[in-house]
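This note sets out several points for a colleague who is examining the model. Please read them alongside the sequence and the coordinates.

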Amino acid sequence: MKNDLVINLFRAMADFLEIKGENPFRVRAYRKAADNIAALEDDIAGRVREGSLENIPGIGMDLASKVREILATGTFAEYEKIKESVPRGVLELMQVPSIGPKKAKLFFDTFKIASLGDLGRAARDGRLLKLPGIRQKTVDNILKGIELLEKGREAMDLLTANAAAVSFISALKKHREVQEISAAGSLRRMKDAVRDVDILIASKEPQVIADVFVGLAPVKMVLAHGATKCAVVTQEGVQVDARIVPKDEFGAALLYFTGSKSHNIRLRQLAIKKGWKINEYGIFDKKGRRLASATEEEMYRKLGLPFIAPELREDAGEVEAAMEDRLPRLVKLSDIRGDFHAHTNYSDGKNTVHEMAKKAKSLGYEYLCLTDHSVSLRVAHGLDEARLKQKRREIDRVNRSLKGFRLLFGSEVEIDAEGNLDYPDRVLSQFDIVIAAIHSGFKQSQRQLTRRIVRACANKRVHIVAHPTGRLWPARGPYEIDLEEVFRAARDTGTALEINAHPYRMDLSDINARHAAEKGVRLAVGTDSHDISHLDYMAYGVGLCRRAWLAKNNVLNTLDLEALLKVIKK
Ligand SMILES: [Zn+2]
Ligand SMILES: [Zn+2]
């Protein structure tokens, strides 16, 4: 449905007309028409086919012909013409919430203010106050608005960002004109917090793709609609930017828009040393001849480097490692043989033992450890000994029915305020795998919290410590804990630390996980699934592992069942 496209173009047209000081009746006509189309429940294209466009209030012959033009071409000539004549910076000013077209025009006409930077200076040095109708309060609001814009949107978790990217990419892939498509930016680097979603597309028909993009179902608002560059906001409030480039520049653009900025700066320095230039269009020699651009591999090769995985591109030593040919062989999703952390409907999970097993097996796993909560975590229906027995029997039964796959009998056991475990050793010794975790008493001192975890590591029956720093999206940061001491205890006792793959946890973080591995700590990825669909979160966990420079042998999940059960024994 292209209703939103028409609405957005009409509203933008009204703003432009107002900035240009055109007839206020025309301005109002476009706004009114946009509002009335927004109130429609059916597809405006249907109205065109039926010939009933003019029945919409406020749409006369003139606007009706513009609607038809938009549906056919993705824009309309008059809009494109007026857009050209309005300085870009003036549009930028209108992103500040308290500034409409009238004020933007006033600022531009009087002081030639044409950027947020200009505006901020004029607000602070008192110039704006000289204008009619501008009081101190208006100026304060403007400064606040600029600050908000500069801070940028709130970051979102990987799950939200990825869902948005997938919905756009899968819809765009259906179009023949899309030759290549990929997410870029921090999502492609699998950062645990993403500000906006970047999508890069290769096509010979950029305008066609741009029109399709801004008209896709998840779009709520169009921020920019050019032939090669578009930006929209989805119904969920996610900003999605698209760039459309020729296929032979796709690699250069993908490298550029994947970032990070600091990684790209390092690459630029390498290019400069060779007397070249590197940008989003390629690598160029002094005479401006293009040396590379089609693929990222080609770009890196030209710079004398092997391919650097997107997850590593943070200027955290990856360029040096690449130059010396000692990049890690990063663990891959396909290396993963099982999952250590999942809940069933015995505690606070949604699915049955059998449903969880079936889904894990369908992922190609050899094992899944079911780790329902222990007895004292009442809010999550922790299991007492009688229920444990019942669960054990059910697991045995399901295991007998499944070939080439095994459910492991596990538990996520509370570490109490003193560092004691929730089950006696007699019970703990019955589990295949025990993961220990803190779910309460976060306000303790750093010493107390650290001691609890160190004591849990010292317990012979504990194999893994789950979500070691307790951070939880978006409400709770990591609790105070001496990670150096925890890493030492984990290494010395042979206890693995968890990389919790749930997008709301991502704990250990990439930096901490890398540090832990360097200290010789083993890492175990768990999805903390409470639902069969959460088992797919393994991809986020592996992304985190890769950002932490982990190879296959750093990650317990890459072991087959036999090796695993041998290795985790203390
Ligand atoms: Zn937990
Ligand atoms: Zn859990």
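Into which domains is the protein divided?

1. The protein is divided into domain 1 (3-151), domain 2 (156-245), domain 3 (259-323) and domain 4 (333-568), with bounds taken from an automatic or database domain assignment. Between the C-alpha centres of domain 1 and domain 3 there are 40 Å.

2. The model is predicted: local features need pLDDT of at least 70, side-chain atom pairs count only at pLDDT 80 or more, and totals for chains, interfaces and linings use all residues. Residues are numbered from 1 along each chain as its sequence is written, chains are lettered from A and ligands numbered from 1 in the order in which they are written, and side-chain values use heavy atoms, with hydrogens and water left out.

3. The zinc ion (ligand 2) is held by His341 (NE2), His343 (NE2), Glu412 (OE) and Asp528 (OD), at 2.1 to 2.2 Å. Donors here are N, O and S atoms within 2.8 Å of the metal (3.2 Å for Na, K and Ca); water is not among the atoms, so sites may look incomplete. The spacing of these donor residues in sequence is H-x1-H-x68-E-x115-D.

4. Why is the arrangement around the zinc ion (ligand 2) irregular? The four donor atoms subtend angles of 84 to 172°. Four donors count as tetrahedral if all angles lie between 85 and 135 degrees; four count as square planar and six as octahedral if opposite donors are over 155 degrees apart and all others between 65 and 115; anything else is irregular.

5. Glu412 also bridges the zinc ion (ligand 2) and the zinc ion (ligand 1), 3.4 Å apart. Glu412 lies in strand β13 (residues 406-414), whereas Asp528 is in the loop between β17 (523-526) and α23 (538-547), 116 residues apart. Helices (H or I, at least four residues) and strands (E, at least two) are DSSP runs, numbered from the N terminus. Glu412 and Asp528 are both buried, that is, under 20% relative accessible area, with exposed meaning over 50% and partly exposed in between (1.4 Å probe, protein chains only).

6. The structure holds 37 salt bridges, each a side-chain nitrogen of Lys or Arg within 4 Å of a carboxyl oxygen of Asp or Glu. One of them joins Glu296 and Arg188 (2.9 Å, N to O). Glu296 belongs to helix α15 (residues 296-302) and Arg188 to helix α11 (residues 185-188), so the pair ties together parts 108 residues apart in sequence. Both Glu296 and Arg188 are buried.

7. In another salt bridge, the closest N and O atoms of Arg47 and Asp42 are 2.7 Å apart. Arg47 is buried, at 19% relative accessible area, while Asp42 is partly exposed, at 31%.
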